[in-house]
Amino acid sequence: MGSKWQEKQHELPFSDAGEGEAHNHFTKDVADPTADPGDERRPPTAGLMEEICTEENINEALKRVVRNKGAPGVDGMPVGRLTAYLRRRWTTHRDQLLSGTYQPFPVRRVEIPKPSGGKRELGIPTALDRFVQQATLQVLQRRWDASFSERSYGFRPGRSAAQAVRQAQHYVGEGYTYVVDLDLERFFDRVNQDKLMAMVAKREQDKRLLKLIRAFLNAGVLEDGLTRASTGEGVPQGGPLSPLLSNLYLDTLDRELERRGHRFVRYADDVNIYVRSERAGQRVLESVTSFVEKKLKLRVNSAKTAVDKPAKRKFLGFTVSAGKKPKRHISPAAKKRFRRRVKELTRRTRGKSLRQVVDELTPFLRGWGGYYGHCDTPTVLAALNGWVRRRLRSLLWQQWRTPRRRAEALRHLGIRKQEARDIASSSKGPWRMSLCPTLNNALSNSFFDAAGVHRLTVLEGA
């Protein structure tokens with residue numbers, strides 16, 4: 001490892017700080033970095049880096065980083081120790097930022113499974129670097145966001161995936177019944193860093209900021225104990241600043257699509273262009289592919305890119321049906337992943353009580369429902385609710401095990417004595433028994449509601 005890194009590691013005496021230490025305003029005893037003792041008339045934000053280092057901005061950045069938690073970077077410092085560390089070292093790092101000498105650590109390479117299969121590579125910055133990136137993001141986002149395209153929805157304040165899908169639905173309703181589903185191959189790994197920095201420099205002239213962003217891009221990756229230097233391509237996924245820089249890079253594509261008069265929706269690197277015919281879609285695909293590869297130096301994945309009906313292409317986990325009143329449907333792949341995860345959590349061989357299973361299941365159902373509740377198909381959600389309850393009935397039947405215990409449980413749930421005995425002695429397996437009307441009466445919807453099982457519903461305003 002390089003000497004600078006070793007030297008910086010030596011400067012991180014955070015071992016005495018508690019893991020769960022609550023956030024506090026660590027700058028309360030630190031002088032305002034924009035104040036000049038020799039000139040009290042100096043404006044409070046003499047430059048962009050001074051704005052980034054203001055007390056209000058850095059305290060907000062610290063709150064967000066602590067709230068988001070996350071894994072440690074290459075230095076091993078947990079986010080829970082960041083506040084205590086900054087109380088001791090913030091003055092040093094502030095001076096580095098203001099003088100343009102701050103040097104980030106390499107990111108730690110990790111792989112996470114992609115919902116569609118395969119692995120996605122992430123670069124995990126250190127807690128300190130995440131804090132600096134977050135403070136930078138807050139200032140730049142305020143300055144840049146309003147200039148981005150109205151059809152860009154990813155990682156922007158007040159915008160969401162649900163809004164992007166609704167816009168796609170609107171285009172289909174207007175008669176644009178074919179979609180050019182553009183797949184940018186390994187986008188985050190292929191961003192041309194020189195082009196990206198030129199885009200940043202067109203917007204901001206503070207050389208310290210430009211140097212800081214370049215330093216984050218050039219920080220390298222720690223993998224298998226070795227630091228791999230930057231190749232001049234890529235924006236590591238995993239840091240707070242990456243989505244904003246990616247939106248800036250693809251804003252060039254957005255403006256070109258607007259100039260051509262296309263109906264499109266972009267969410268991060270997911271780009272859908274809506275046209276009236278398959279033939280028009282093929283023409284658009286050819287011309288846009290040429291622009292992306294020549295102007296932006298990116299690659300279009302021809303194997304995953306297609307011109308098709310929106311009902312056959314998933315966009316952010318949804319498909320859009322055709323007709324006078326198009327509807328947002330949950331994609332088959334999303335429903336398949338839902339069932340797979342619920343099966344994992346309700347597996348009868350896990351040896352967990354209903355209470356334990358519900359405690360694990362409920363956060364998943366709430367999160368999934370909070371996203372896919374923006375569909376137009378309440379019957380699909382009702383069917384999934386019924387299937388989840390069937391899984392839980394099957395689980396309880398298996399846990400009761402013996403005919404005597406089953407009969408006692410059914411009696412406790414209000415089933416008549418003889419009927420409980422008859423059902424309890426059945427030789428059917430748990431999954432078949434979960435359809436038994438008597439068991440459904442005993443373990444009713446209201447029973448699972450009382451147990452805290454979350455119901456999936458179409459969200460209001462969806």
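**View 1. An open sheet of four strands, ordered E6-E7-E3-E8, with antiparallel pairing.** The model is a predicted one, so local features need pLDDT of at least 70 and side-chain atom pairs count only at pLDDT 80 or more, while totals for chains, interfaces and linings use all residues. Residue numbers start from 1 along each chain as its sequence is written, and side-chain values use heavy atoms, with hydrogens and water left out. Strands here are DSSP runs of E with at least two residues, helices are runs of H or I with at least four, and both are numbered from the N terminus; two strands pair if DSSP finds at least two bridges between them. At the edges sit E6 (263-267) and E8 (306-308), each pairing on one side only.

**View 2. Where E3 meets its two partners.** E3 (residues 178-183) is joined to E8 by three bridges, and Asp 181 has Ala 306 as its bridge partner there.

**View 3. The E6 and E7 hairpin.** Five antiparallel bridges hold this pairing, with Tyr 267 standing opposite Asp 270. Two residues lie between the strands, and Ala 268 takes a positive phi near 55°.

View 4. H6 (residues 161-173) touches E6 and E7 (270-275), and its direction makes about 165° with that of E6. H10 (residues 242-259) lies across E6 and E7 too, at about 175° to E6. Contact means heavy atoms within 4.5 Å; axes are lines fitted to C-alpha atoms, for helices over the stretch in contact, with angles from 0 to 180 degrees between N-to-C directions. As for E7, five of its six residues are buried (under 20% relative accessible area, 1.4 Å probe, protein chains only).

Conventions. Buried < 20%, exposed > 50% of the residue type's maximum accessible area, 1.4 Å probe, protein only.
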